[in-house]
Amino acid sequence: MEEGIEHRTVSVNGIRMHIAEKGQGPIVLFLHGFPELWYSWRHQILALASLGYHAVAPDLRGFGDTETPTSISDYTCFHIVGDLVELIDSLGVTQVFLVGHDWGAIIGWYLCMFRPEKVKAFVCLSVPFRPRNPQMMPVESMRAFFGDDYYICRFQAQGEIEAEFGQLGTATVLKGIFSTRRPGPPCLPKGNAFGIGPDTSATLPSWLSEEEFSYYATKFDQNGFTGGLNYYRALDLNWELTAPWNGAQVKVPVKYITGELDMVYTTPGVKEYVHNNGGFKKDVPCLEEIVIMEGVGHFINQERAEETNSHIYDFITKF
């Protein structure tokens with residue numbers, strides 16, 4: 001599964017971070033989402049390494065074999081971008097190509113906004129830029145638009161959602177998330193978060209083998225979900241801290257790719273923002289390409305690995 005992928009631990013920003021890497025050449029830094037790991041990029045690491053790049057994929061703070069600080073306030077965008085800036089420095093380069101998916105995409109936008117000189121170009125999967133709304137805190141606005149069962153609102157309850165996940169079991173939770181193709185906004189009703197009855201069990205999607213799945217299940221069994229959930233719990237804190245960037249544009253060259261069935265892309269308001277000239281393109285003036293992959297869900301880099309690899313390679317070879 002991991003032909004020649006090397007693993008090591010680096011010290012960044014006061015934590016020990018696990019990274020997986022392969023290849024020689026310009027660095028492509030891959031940032032995973034929730035509930036994921038460096039492993040989500042296994043197909044991309046092998047492909048980009050074979051094409052003359054040095055592919056690097058960390059387990060982000062709170063995930064996998066990277067340290068998991070306990071306080072929610074240790075998961076702000078400043079902490080996580082701080083980890084990445086030190087990681088880039090530790091790799092001995094001034095700039096990287098950046099690829100991010102889900103939370104990795106959100107962190108990618110912050111890195112591009114705070115330290116644009118560190119990023120040659122950004123390939124963003126699933127989550128477009130989200131401009132800060134100075135009028136309303138994020139969780140409050142999500143609750144108002146999508147209700148209490150909206151997954152990000154449910155993730156705010158410390159301990160409660162972990163207990164619910166614990167009752168379901170790690171494997172069931174991961175299967176429920178990985179296999180979903182319901183259009184957004186994603187909701188997790190209390191007591192039956194994934195709509196799994198006694199007679200129905202979530203099955204693995206076609207793009208994930210039992211062996212691959214067991215890697216995720218083992219890591220989340222060991223560490224639980226709290227580290228990853230803390231990213232959602234720091235959303236309002238990020239909003240408070242980023243007031244100085246109100247109205248800021250992202251000036252890095254960007255290619256945005258999403259699946260047409262992605263639960264983020266199909267959440268009300270997102271398509272309008274992505275395709276409206278006064279939206280995404282205004283906030284990200286160097287947005288060069290928007291790709292909507294037909295028939296693909298949220299986990300695009302795993303479901304359509306080769307196509308995703310081609311899109312990444314075609315874009316970064318321009319720079």
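The model is predicted, so local features need pLDDT of at least 70 and side-chain atom pairs pLDDT 80 or more, while totals for chains, interfaces and linings use all residues. Residues are numbered from 1 along each chain as its sequence is written, and side-chain values use heavy atoms, leaving out hydrogens and water.

The protein chain holds 14 helices and eight strands (DSSP runs numbered from the N terminus, with H or I over at least four residues for helices and E over at least two for strands). Its radius of gyration is 18 Å, close to the 20 Å that the globule rule gives for 319 residues, so the chain is as compact as a globular protein of that length (the radius is taken over C-alpha atoms, and the rule is 2.2 Å times the number of residues to the power 0.38). Of the 319 residues, 55% count as buried (under 20% relative accessible area; exposed is over 50% and partly exposed lies in between, with a 1.4 Å probe and protein chains only).

Most residues other than glycine have a negative phi, and most peptide bonds are trans. Phe 34 and Pro 35, however, are joined by a cis peptide bond with omega of about -5°; Pro 35 sits in the loop between strand S3 (27-31) and helix H1 (42-50). The bond from Gly 184 to Pro 185 is cis too, with omega near 0°.

Asn 13 has a positive phi of about 50° and is partly exposed, at 31% relative accessible area. Asp 102 has a positive phi of about 60°, and at 7% relative accessibility Asp 102 counts as buried.
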